[in-house]
Amino acid sequence: MTSQYRVNYHLRAHKRDNLIEFIKGMLLTPFVLHAQPKPVTQSELSEIAHSPLQRRRSLAMEENAFRYAEIMGNIQTLIDEHREFTKNSIPMYSRLAKLVPSIGNFFTALPLREAFLQTNNINAISARKHVPPSFNDIRRILNTAQVMAIAGNVKLITFDGDMTLYDDGKNFEENNALTGLLVNLLKRGVTVAIVTAAGYGGNAERYEHRLSGLLKNLEKAELTEQQVNRFYVLGGECNFLFRCNASYRLQFLSDDQYESSRLRSWTDAQVQPLLDIAEHELADCVARMGIKAKILRKARAVGLVPEQKLTREQLDECALSSQMALLKFQGQPSSTPSDVPIPFCAFNGGNDCWVDIGNKLIGVKILQELVGSAPDETLHVGDQFLSTGNDLSTRTACCTCWIINPEETQGILTELDTFMSQKE
Ligand code: IMP
Ligand code: MG
């Protein structure tokens with residue numbers, strides 16, 4: 001890549017999801033050709049005025065729904081084909097890989113046609129004449145398809161914390177609407193884990209404080225020891241693991257208590273120089289952009305915590321600058337943060353920017369090994385799936401749902417609950 005191309009690529013790539021953009025482009029054709037309002041003549045106007053409104057509306061909607069559903073069905077077929085090529089270790093030869101070169105793995109098939117029809121029944125996407133199927137419409141359809149596909153098999157669900165279970169920086173309160181859904185998952189035998197960037201070392205009390213509403217509700221629901229033992233918290237992306245015990249308290253697990261801790265086998269001596277570089281880079285961002293912010297250093301992380309409201313662009317700049325500096329330092333400037341000797345995660349947290357040693361990919365893998373859950377039996381739910389986010393890395397290890405707030409988490413868990421009941 002020439003440097004100018006690289007800059008342009010970076011300007012756009014971190015704001016886009018290529019599969020969603022591709023699907024959006026496909027759905028735009030029938031929207032442009034068929035859903036746009038036609039010029040209305042005087043005689044058409046009088047005809048319209050005399051036919052029943054509901055009938056007119058539903059006819060137009062049915063026609064467009066049929067076209068959109070057909071396209072979603074075709075994309076579903078492209079994904080099936082891509083999965084076959086992946087099984088034969090030649091994913092790059094699939095038609096989908098040619099259309100969306102950055103495409104990754106699909107651990108399950110995705111019933112996109114059915115998911116579209118279900119979403120359309122509620123949101124009436126096909127009834128719209130002025131607003132085409134959007135990024136968010138498609139993101140939600142993909143989520144529905146994913147929970148439909150995994151409902152019969154799911155063993156492990158991991159959740160991001162901030163913006164997925166509760167608002168940024170807030171605690172899990174006792175009246176949180178997600179409680180009943182999480183309790184049901186544990187009762188059904190699913191392992192539930194919170195995989196969060198928030199890193200407080202082995203200090204169980206800090207995590208208990210943030211999750212006190214949830215822990216109280218597990219107690220109120222009188223979950224058995226076996227059930228609460230299926231609830232885990234993994235802090236600092238993948239660094240600090242806790243399991244809930246029979247007294248509804250979080251218990252820190254030291255490395256020698258679980259074999260999969262070897263997946264993050266870095267030493268303090270390896271980590272400190274990386275944190276030095278990250279600290280230096282963030283300080284440079286502060287100076288370059290004239291930002292008022294504190295830089296915090298922890299055992300496995302460095303963070304930039306602003307003292308003023310920063311724009312998304314400023315925080316993205318901090319995340320991408322430190323990402324690039326750490327890739328260069330590890331001698332692999334064209335690699336990704338998951339594919340270097342010491343994996344890391346430099347991300348825009350919405351109101352701050354953090355560089356953590358390790359990432360949620362390793363976090364999910366540690367838990368998968370611990371509970372014996374395969375990629376097609378594991379689901380990660382999070383809000384940060386752009387390249388400056390910290391949930392993206394999980395895509396290599398498991399199925400994912402991309403939500404944008406706790407209300408959407410509630411929506412997708414309610415759907416999952418219904419599909420699981422249907423499969424019982
Ligand atoms: P998550 O969304 O649950 O992964 O949490 C991300 C947020 O946790 C960040 O935006 C920070 O505000 C907060 N946080 C607290 N401690 C740390 C840390 O050590 N590393 C990264 N984020 C942290
Ligand atoms: Mg989050």
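Predicted model: local features only at pLDDT ≥ 70, side-chain atom pairs only at ≥ 80, totals over all residues.

**Exercise 1.** Which side chain meets R140 in a salt bridge? Describe the setting of the pair.

Solution. 
1. The partner of R140 is E408, with an N to O distance of 3.2 Å.
2. The pair links distant parts of the chain: R140 lies in helix 7 (residues 135-150), E408 in helix 15 (residues 406-423), and 268 residues separate them.
3. R140 has a relative accessible area of 30% and is partly exposed. For E408 the value is 15%, so this residue is buried, the limit being under 20%.
4. Both residues also belong to a network of salt bridges that includes R128, D137 and R139.

**Exercise 2.** Where in the chain are the two residues of the salt bridge between D417 and R188?

Solution. 
1. The side chains of D417 and R188 meet at 2.6 Å, N to O.
2. D417 is in helix 15, whereas R188 is in the loop between helix 8 (179-187) and strand 2 (191-195); they are 229 residues apart.
3. D417 is partly exposed at 22% relative accessibility, and R188 is partly exposed at 27%.

**Exercise 3.** How many residues apart in helix 4 are K87 and E84?

Solution. 
1. K87 and E84 form a salt bridge whose closest N and O atoms are 3.2 Å apart.
2. They are three residues apart in helix 4 (residues 53-87), and therefore separated by about one helical turn.
3. K87 is exposed, because its relative accessibility of 62% is over 50%. E84, at 42%, is partly exposed.

**Exercise 4.** How many salt bridges does a search of the whole structure find?

Solution. The search finds 28 salt bridges.

Terms used:
Residues numbered from 1 in each chain as written. Chains lettered and ligands numbered in written order. Heavy atoms only, no water. Salt bridge = Lys/Arg side-chain N within 4 Å of Asp/Glu carboxyl O. Helix = DSSP H or I, 4+ residues; strand = E, 2+ residues; numbered from the N terminus. Buried < 20%, exposed > 50% of the residue type's maximum accessible area, 1.4 Å probe, protein only.
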